[in-house]
Every structure is written in C-alpha cells, then in structure tokens.
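The sequence and structure come first.

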Amino acid sequence: MPESTAPQNLCSSPCAPLEALIIGAGFGGLGMAIALRKAGVSRFLLLEKGQDVGGVWRDNTYPGAACDVPSHLYSFSFEPNPRWSRVFAPQAEIHDYLQHCARTYDLLQHIHFGSEVRHARFDETGHYWQVICNDGQEHFTRLLISAVGQLSRPALPKLPGMDTFRGKVFHSAHWDHHYPLADKRVAVIGTGASAIQFVPQIADQVAALKVFQRSPAYIMPKADRAYSEQEKQRLARQPWRLKLLRAAHYLHFESRALGFTRLKGLTQWVVGIPFRQLLEASVPDPELRRQMTPDYPIGCKRILLSNDYLKTFARPHVELLTQGIARITEHGIETLDGQQHPVDAIIYGTGFAATEFLAPMHISGRNGLELNQAWQAGASAYLGLSVPGFPNFFMLYGPNTNLGHNSIIHMLESQISHVLKARQALLASGAQTLEVEEAPHQRLQQQIQRRLADSVWSGCTSWYVDARGHNSTNWPGFTWTYRWLTRYAGLAAYRFAGSLERHSAAADGLRVASPRDWLERGSAAWLRLFLRASFRALIGPPRELVRQRQLVNALAWLMPGCAGVRRRWHWLGSLPVQKVEAAATPGKGVILYLHGGAFCLGSPHSHFSVTSRLARDSGCSVWVPDYRLAPEHPYPAALEDCLACYDAIRAQGCPAEQLLIAGDSAGGALVLALALALKQRGEAIAAGLILLSPVTDPDLRGASLQSRQTVDPMIRRDWLEQALKAYAAPAPTLTHRPLEADLRGLPPMLIQVGDQELLLSDSVRLAERARQAGVSCRLEIFEERWHVFQLQAFYLRSARNALLAVARFSRQCLEASGEPAAAADSTPATQPATDPQPS
Ligand SMILES: Cc1cc2nc3c(=O)[nH]c(=O)nc-3n(C[C@H](O)[C@H](O)[C@H](O)COP(=O)(O)OP(=O)(O)OC[C@H]3O[C@@H](n4cnc5c(N)ncnc54)[C@H](O)[C@@H]3O)c2cc1C
C-alpha cells in the first residue's frame with residue numbers, strides 16, 4: 001500500500017476544525033470516508049494506528065483466514081467485485097479489495113497511518129472535538145466517527161504461568177510467519193472461528209498438534225468453491241448477475257435470523273442435522289464425537305463453517321484436549337487432571353476483546369462525562385451509533401450491531417448512511433450539535449434487551465453475554481429492520497442545538513432547533529393555530545380574570561399528563577397541595593412546582609402535563625401547591641402559600657440539597673421571589689432552580705414584549721398587564737424584581753424559553769444577570785416555540801425533550817449536592833465480557 005499523502009490543508013485548529021474525523025481504516029472507516037467524499041465533504045481525516053488500510057483483514061493473516069459470509073455479500077454494495085476467486089474469499093484477497101477501494105476513491109490523501117487515537121474531548125463552547133494521538137498530534141473536528149470495530153483487539157486468556165513459557169507464543173491475529181512450524185510440537189488454545197480455519201492448515205506441517213477446547217462449536221459444512229474464469233467474466237460483463245447473486249446470498253443468510261430470534265426450533269433442522277451428519281462423516285471415534293458435540297442450544301454461540309476442521313482430529317498426531325488448563329509451564333501446558341503437555345509453541349486462538357468496544361481510548365463528552373463511565377452498566381448506544389451526552393459523535397459497528405447470521409458490511413452501510421443523514425439534518429437545521437436524547441435511547445435499549453432475552457443467545461455463557469446477562473454485542477433481529485430504523489426512523493431521536501450568539505453573547509447555554517420531522521411540524525402548526533384561536537383570543541382583556549380562569553380550567557383536559565405516575569392531594573392547613581410521583585419507586589428528591597397563569601389563573605390540574613412528566617422522568621416527587629390567586633388574593637398571598645409549602649417540605653425532613661424549585665411563567669417569578677425571600681432568611685435554598693418562560697420584569701420592559709407581540713401564539717401583552725395589575729406587587733418589592741435584586745448565592749438555574757415568545761428577553765436578561773452575579777445558569781432557547789410550550793408535551797416531541805432536559809438537570813443538581821435521585825431511566829448494572837471469536 002502506498003504511503004498516506006494527507007496534505008497540509010487538512011491541518012485543523014479550534015477556529016478551523018475539520019468537517020469530520022474518522023478513527024480506523026477497516027471496512028467501516030473506509031466506507032465512511034467514501035460516503036463523505038461522495039457527499040462532497042473534503043475536509044476530513046482518517047486516523048489509522050496501523051501502517052495500512054484493511055482493519056481485521058490486514059491483521060489476521062493466519063493460514064486459512066477467510067470470510068464466512070460469501071464475498072459477493074461480504075463487500076461494499078457500491079463496489080462489487082466480479083473477480084472474487086472463491087465463494088468465501090481468503091484474507092489476502094479481501095485485504096487487496098480494501099486497498100483497491102482506498103485507491104479507487106482517492107482516500108490516501110485523507111489517511112494518517114501510524115496515528116493511534118488516545119483521547120477525544122468535546123469542547124462545549126466551540127462545539128468541536130479535540131482528538132489527541134499517541135504521537136502527541138492534535139486534531140480538531142466538528143464530527144467524530146469511531147470505526148475501530150469490535151474485533152480489532154486480540155484477547156488473551158488469564159492463565160497462571162503465561163509469562164514463564166520458554167517456547168514461541170503468538171495470537172492468531174498476530175501470526176508470526178517467520179516462525180517455522182514444521183516438525184514442531186504445537187499447542188492451540190481456543191476452538192473458535194479463527195482456530196477452526198488455521199488448525200487444518202497447520203496440521204500437516206507440525207510434528208504434534210494439541211488443541212485445547214473449552215467448549216465445542218456447532219460446525220456446518222462450508223459451501224465453498226472456486227469460481228471458474230468463465231463465471232468471473234460473466235459476472236464482470238453482466239452486472240445484473242452480480243446484483244442477483246448478492247441478493248440471493250442476502251436472502252439466504254437473512255432467513256437464519258428467524259431461527260435465532262423467532263422460530264428457535266428451526267435451528268434443530270437447519271443446523272442440528274447437517275452438524276451431526278458432518279460430525280459422523282468426519283470423526284469415526286464415538287468418544288471424540290461426544291467431546292465435539294456442544295451441550296448448549298444451537299446458535300447460542302457462533303455457528304462456524306468448515307469442511308476440514310473436524311476431519312483433522314482423525315489424524316494420529318492431532319489431539320483434542322478438553323480437561324481444562326491448570327497452568328502454563330516453562331515447557332508447555334499442565335491440564336487440570338495433572339497431565340503435562342510439553343510443546344515448542346503455543347498459539348492463542350482466543351478471539352477478541354469485543355465488549356470493551358472503544359477501549360483503551362478515552363472519549364469525554366458533555367460536562368467531561370467519560371464514555372467508560374456512561375457505560376458502567378454495560379455498553380449501549382442508540383442503534384449502536386450514538387450515546388446521550390456525546391454530541392456530534394458516532395460509532396460504526398458499536399454496541400448491539402454484531403450479527404450471528406449475516407454480513408457486517410450490510411450493517412456498516414446502514415450506519416454510514418445514518419451518519420450522513422444526521423450530518424445533513426444538522427447542516428439544514430443551522431444548529432452546531434446533534435445529540436441523541438436519553439429517552440428514545442433507553443426505550444430502544446430496553447426493546448433490544450427484551451428481544452435478546454428471548455433469543456438463542458440467552459441460552460448459554462458466550463462472549464455475547466456478560467456475567468449479569470447483558471448482551472452488548474448482538475442485534476436481535478433482521479438486518480432490514482435495522483436498515484429501516486437507521487434510514488427512516490432514527491433521526492427523530494436527536495436533539496439539534498447551537499450556541500446562543502444570536503440571542504445573547506453573555507449567557508451560557510444552547511439554542512435548540514425544533515425537530516424537523518413531519519409529525520412534529522404538523523403538530524406545531526396545528527397547535528399554533530389552535531392556541532391563537534383559543535387561548536390567545538380568549539385569555540386577556542376585556543374578559544374578566546375570574547372568567548378567564550374558568551376557561552383555562554375547562555381547557556385543561558386538552559393537555560393530558562403521562563401514564564406511569566400517581567397524584568394525591570394533601571392539605572397544609574388550608575392550602576391544598578397536589579403530590580405527583582412516579583408509580584415505580586420514586587427517588588429521594590422533591591421538586592416544588594409553582595404553576596404559571598400570571599398569578600391569576602391556572603392550577604395543579606392545568607399543569608399536570610408538565611408535572612407528571614417531571615415526576616416520571618426525574619424520579620422526584622413533585623409538589624404542586626394550589627396557591628391563592630389574584631385578584632381575590634393579591635400580593636403576597638401566592639408567595640406566602642409557596643413559602644408555606646416549601647417549609648412543609650423541609651419540615652418533613654427534606655434538606656435543601658434534596659429540593660429543587662421549579663415554575664413556569666408567573667410561577668417562574670414566584671420561584672425567584674421564593675429563592676430571594678429564603679436568601680433573606682439566611683437559609684440554604686435548594687439544589688437548583690428551574691424556570692420555564694419566567695416573568696422577570698413586572699414593568700414589562702423587555703425588547704421581545706415589542707418584537708414578539710404578534711408572533712407568540714399563546715399570550716398577549718395586555719393580558720400580562722391586566723394580571724400584574726391584579727396581583728399588585730408593590731413597586732419596591734425586590735423579591736419580584738430579580739433583574740434588580742442581588743442574585744449572588746442563588747443555586748444553579750436552568751432557564752428554558754421559546755424564541756417566538758413575548759417573554760424571551762425576560763429570560764435572556766435574567767441569565768445575563770445571574771451570570772454576572774456568579775450564579776451557574778444555563779439558558780436553553782427553543783427555536784420556533786412559544787410561551788411555556790412544555791405544556792403541550794402530549795403533542796410535541798420538542799416539549800417532551802425540553803422536559804427531559806429539565807429532569808436531567810434535576811438529577812445532576814441532586815447528584816452534585818450528594819443526593820442522587822433514582823433516575824427513571826436507569827438500567828441494571830452489568831459487567832462487560834471478553835473473549836469473543838470473530839464472526
Ligand atoms: C478473522 C475475522 C474474520 C471475520 N469474518 C467475518 C465475516 O466473514 N463476515 C462478517 O460479517 N464479519 C466478519 N468479521 C467481523 C469483522 O470485524 C467485520 O466484518 C468488519 O471487518 C469490521 O470492520 P471495521 O472497520 O468496523 O473494524 P476493523 O476491521 O476491526 O477495523 C478497525 C480499524 O481501526 C483501527 N484502530 C483501532 N483503534 C484505533 C485507534 N485508537 N486509533 C486509530 N486506529 C485505530 C484498527 O487498527 C483497524 O484498522 C471477521 C472478523 C475477523 C477478526
């Protein structure tokens with residue numbers, strides 16, 4: 001392979017990051033690079049730790065190495081190769097093919113060989129990834145794509161005495177072709193997919209071969225043969241034949257998924273019978289046949305293909321050992337029955353560290369979150385591609401995308417087109433980051449694990465499943481389902497966000513683009529019309545406030561809460577409080593939620609769509625006081641009731657560190673008033689404050705009160721004037737004037753606001769003030785959304801996502817103050833397993 005010619009103009013800096021950076025030049029990395037080139041992307045780099053392209057097909061040069069999916073299927077669909085020499089091409093040919101792809105698509109100018117990525121860190125301010133290599137080189141990129149595969153790191157068993165052996169040792173993935181095996185006594189440890197390929201090849205050369213088997217495999221005949229020259233020429237002349245052949249192979253292999261996942265009994269017929277026939281024909285000795293017959297359900301471990309492996313054991317100098325290894329000694333291997341097996345060389349055919357995925361790289365995402373930390377409970381990724389907390393980052397051949405039945409290249413092509421689509425959607429949205437949301441990721445993960453629990457892979461211990469039963473490797477279904485999900489359904493799970501520059505250079509936070517799918521757009525358009533015709537038209541002068549309140553209560557059923565929560569009423573003296581909790585065991589934290597309605601309207605009932613989702617997603621109990629409303633009860637009645645509720649929560653033994661105070665609109669004003677009142681009392685306040693479209697300026701001086709007058713479909717300025725007059729907070733009351741009050745010492749805040757809303761500037765100004773006062777404050781501005789759009793969470797994914805972000809903020813605040821809430825989406829802790837065999 002010629003040297004990389006990566007030119008100087010691919011240098012990057014934080015100010016001029018690359019468009020994309022790919023790690024790994026195997027099938028995945030090369031396929032991704034070709035797709036980027038085809039999409040017209042030129043500023044991208046591919047970093048490869050080896051000195052050539054090819055991935056596993058560069059490294060696994062052991063005798064007999066070949067694919068076990070027919071080559072016309074195990075190759076790129078866009079680069080068919082009519083000249084494959086056999087149905088299952090050998091390693092050297094596959095490696096040549098990948099080199100040919102790199103040359104044909106002019107990829108060498110993008111590749112740095114000998115560059116091993118050690119660390120990648122997401123910079124939240126600049127929205128880029130900083131990538132650091134072993135040689136100290138740094139690269140900066142908008143999009144980071146890992147294509148390091150699942151089987152690129154050989155795994156060695158942990159056997160006592162391994163270091164003491166004086167003979168030759170190597171792993172099948174690092175075959176030492178300079179070591180002459182001829183006339184040597186050789187031990188092979190492992191009987192997986194690699195070993196069954198090289199054992200028959202070396203048996204003829206060696207003086208004695210001892211194969212140490214931990215568990216036997218189901219082996220099927222391999223329908224392999226050489227293609228004749230005429231066949232190759234016909235395939236080259238008539239590309240439709242190539243397509244037909246590929247489709248036939250695809251359908252044949254795809255049908256095997258039925259046996260693995262749905263009709264498990266089928267495997268007895270299509271695998272069990274041919275296996276037994278092959279065993280009978282190849283191994284005359286009944287005792288050896290018994291040792292070579294698996295005792296686990298068919299398909300649970302990888303089904304292997306070979307015509308000559310079983311036969312090899314009929315030779316007198318080849319021995320199968322199943323006693324188990326006690327230790328490696330200076331001169332050989334001691335088995336558990338105390339026997340010594342002196343050998344000259346040990347070859348490990350023990351597979352790869354598949355479930356360690358991206359290790360040993362360190363990938364740090366948002367807030368310094370380490371991928372290994374995010375994967376403490378077992379590796380998982382949305383469609384195997386993306387992980388919440390890691391924006392603009394994709395993995396190819398990531399968790400749960402391995403197959404037991406078909407070509408990985410088919411999966412890689414689905415993933416590559418998903419990454420491209422996501423990139424295009426990111427560019428179209430004008431946002432700077434895209435990041436998968438926690439909820440869809442967890443939902444899909446639960447489905448995958450449920451399906452896996454029902455599959456053949458749950459029937460035994462294998463490298464697919466770890467000690468706690470978590471299968472982080474396999475996709476539990478058809479590859480066409482995966483293709484459909486990655487192509488058409490997958491993008492809805494992403495949040496597109498950008499920096500706030502357009503709105504405020506002084507505040508920290510995000511501009512969140514609205515989801516672009518037709519369902520969200522249609523719902524938003526319909527809601528805009530509906531709110532304009534109902535809420536905005538009916539709520540405000542000249543209608544009296546008490547009449548408006550009746551209307552709001554009558555319309556409340558249109559904003560339903562979510563399932564999976566229960567609500568109960570409590571009385572704190574004369575103050576009714578609604579307590580909303582997840583039906584599953586709620587966590588420790590409490591959210592005091594102060595509903596909006598300009599101090600005059602609204603109730604716990606009208607805001608159940610928000611409070612129920614907060615309870616479910618944060619795991620906290622949500623307390624919603626039905627505080628007294630103006631004009632019957634002007635200032636300070638509402639604030640007094642909120643304070644009474646706060647005191648009651650604290651009196652029940654809930655410390656401030658376990659408490660968050662949240663509210664929307666005028667409820668947001670009450671949150672700030674309460675926090676400032678508590679500050680005056682000199683007490684610890686809360687772990688965090690959550691403000692949804694808060695009213696922060698009773699004089700209504702914000703710029704958006706002019707500029708968004710007609711844009712906001714929800715509320716009108718004259719309604720705010722009417723209500724604030726009825727509430728009648730005296731002008732010098734600084735608790736209701738947070739833009740003028742001293743905010744120092746307030747807890748961390750999250751502010752969410754729509755960019756179409758009347759009170760946009762109230763939020764921006766508050767965020768700037770908070771930041772000046774040294775208060776940690778995150779401002780999230782949702783594009784194309786209106787005043788307290790979170791109330792419409794039943795209809796809008798953007799609203800549900802916004803509330804998920806609130807729930808996430810709540811959990812972070814509780815964790816930061818040392819009081820972890822029970823996350824609603826937590827998954828059971830699991831340990832990764834190791835030692836898979838290649839597929
Ligand atoms: C012997 C063998 C046979 C197989 N046969 C089949 C088969 O028949 N059918 C099938 O579907 N699948 C098979 N597989 C599975 C195979 O892994 C995939 O089919 C496919 O090759 C994966 O390609 P990849 O690009 O994702 O990963 P890989 O081919 O593993 O390439 C990953 C690349 O990333 C590089 N890399 C890793 N870490 C870093 C880093 N930190 N910095 C820079 N570079 C890095 C590696 O050097 C490597 O070049 C087989 C695997 C093996 C090992």
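## Domains

Domain bounds here come from an automatic or database domain assignment. By that assignment the protein has domain 1 (8–53 + 107–153 + 355–498), domain 2 (162–217 + 255–348) and domain 3 (508–825). Residues are numbered from 1 along each chain as its sequence is written. The model is predicted: local features need pLDDT of at least 70, side-chain atom pairs count only at pLDDT 80 or more, and totals for chains, interfaces and linings use all residues.

The centres of domain 1 and domain 2, taken over C-alpha atoms, are 34 Å apart. Their contact (C-beta atoms, placed from the backbone, within 7 Å) involves 12 residues of domain 1 and 13 residues of domain 2. On the side of domain 1 there are 5 nonpolar, 6 polar and 1 charged residues. Ala, Val, Leu, Ile, Met, Phe, Trp, Tyr, Cys and Pro count as nonpolar, Asp, Glu, Lys and Arg as charged, and the others, Gly among them, as polar.

## Helices α17 and α23

Helices are DSSP runs (H or I, at least four residues), numbered from the N terminus, and strands are runs of E of at least two. Helix α17 (residues 608–618) packs against helix α23 (residues 797–816) at about 50°, and their axes are 9 Å apart. Axes are lines fitted to C-alpha atoms, for helices over the stretch in contact, and angles run from 0 to 180 degrees between N-to-C directions.

The contact uses V610, R613, L614, D617 and S618 of α17, and R800, L803, L804, V806, A807, S810 and R811 of α23. These residues divide into 6 nonpolar, 2 polar and 4 charged.

## Annotated span

The unreviewed UniProt entry annotates residues 591–790 as "domain: Alpha/beta hydrolase fold-3"; such annotations may be inferred rather than shown by experiment, and positions follow the numbering used here, with feature names shortened. The end C-alpha atoms of residues 591–790 are 17 Å apart, and the span is 35% helix and 16% strand.

Notes. Two residues are in contact if their C-beta atoms, placed from the backbone, lie within 7 Å.
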